[in-house]
Amino acid sequence: MSKGVKKLDLRGEICPYPMLKTNEELDSNKNIDILEVITDHSPALSTIPPQALRRGYEVEINTVGNSEWKIILTKQ
């Protein structure tokens, strides 16, 4: 795994914390090329992507389990 890849496990966190913690991670570590956010809180699917797009990240959402998603943010 390259040093620019970071995983953020936010299962069990409810809004607004998934978005806030994702933003905090992107702000505190400018060397992240890819951030993989794992969440089980579906509202995060509508809050994290717009924030990431504004910051210059491409967004991909994958279902990885029953009511669990991986949001992959890739720096453009």
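Questions on a predicted model

Biologist: Tryptophan 69 lies in strand S4. Is tryptophan 69 buried or exposed in this predicted model?

Modeller: The model is predicted, and residues under 20% relative accessible area count as buried. Tryptophan 69 has a relative accessibility of 14%, so the class is buried.

Biologist: What is the relative accessibility of glutamate 36, and which residues does glutamate 36 touch beyond four places in sequence?

Modeller: Glutamate 36 belongs to strand S2, and at 13% relative accessibility glutamate 36 counts as buried. The C-alpha atoms of glutamate 36 and leucine 8 are 6.0 Å apart, although 28 residues separate them along the chain. Glutamate 36 touches Lys6, Lys7, Leu8, Lys70, Ile71 and Ile72.

Biologist: How do helix H1 and helix H2 run relative to each other, parallel or antiparallel?

Modeller: H1 covers residues 17-28 and H2 covers residues 44-54, and their axes are 9 Å apart at an angle of about 25°. Angles under 35 degrees count as roughly parallel. H1 and H2 are therefore roughly parallel.

Biologist: Which residues make the contact between H1 and H2, and what is the class make-up?

Modeller: The crossing of the two helices is right-handed. H1 contributes Pro18, Met19, Thr22 and Asn23, while H2 contributes Ala44, Thr47, Ile48 and Gln51. By class, the contact has four nonpolar, four polar and no charged residues.

Biologist: Which element gives the largest share of the largest nonpolar core?

Modeller: This core has 13 residues, of which Leu35, Val37, Ile48, Tyr57 and Leu73 touch the most other members. Two or more residues come from each of H1, strand S2 (34-39), H2 and strand S4 (68-75). The largest share, three residues, comes from H2.

Biologist: Which residues is isoleucine 48 in contact with, leaving aside neighbours within four places in sequence?

Modeller: Isoleucine 48 is part of the contact of H2 with H1 and is among the core residues that touch the most other members. Its contacts are Pro18, Met19, Thr22, Val37, Ile71 and Leu73.

Biologist: Where is the cis peptide bond that involves proline 16?

Modeller: Proline 16 is located in the loop between strand S1 (5-9) and H1. Omega is near 10° for the cis bond, which runs from cysteine 15 to proline 16.

Biologist: What is the phi of serine 67, which is not a glycine?

Modeller: Serine 67 is in the loop between strand S3 (57-65) and S4. Its relative accessible area is 43%, so serine 67 is partly exposed. The phi of serine 67 is positive, about 60°.

Definitions and conventions: Residues are numbered from 1 along each chain as its sequence is written. This is a predicted model: local features need pLDDT of at least 70, side-chain atom pairs count only at pLDDT 80 or more; totals for chains, interfaces and linings use all residues. Side-chain values use heavy atoms; hydrogens and water are left out. Axes are lines fitted to C-alpha atoms, for helices over the stretch in contact, and angles run from 0 to 180 degrees between N-to-C directions. Helices (H or I, at least four residues) and strands (E, at least two) are DSSP runs, numbered from the N terminus. Angles under 35 degrees count as roughly parallel, over 145 as roughly antiparallel, 65 to 115 as roughly perpendicular and the rest as oblique. A crossing is left-handed if the near helix is turned anticlockwise from the far one by less than a right angle, and right-handed if clockwise. Contact means heavy atoms within 4.5 Å. Ala, Val, Leu, Ile, Met, Phe, Trp, Tyr, Cys and Pro count as nonpolar, Asp, Glu, Lys and Arg as charged, and the others, Gly among them, as polar. A nonpolar core is a set of buried Ala, Val, Leu, Ile, Met, Phe, Trp, Tyr and Cys residues joined through side-chain atoms within 4.5 Å. Buried means under 20% relative accessible area, exposed over 50%, partly exposed in between (1.4 Å probe, protein chains only).
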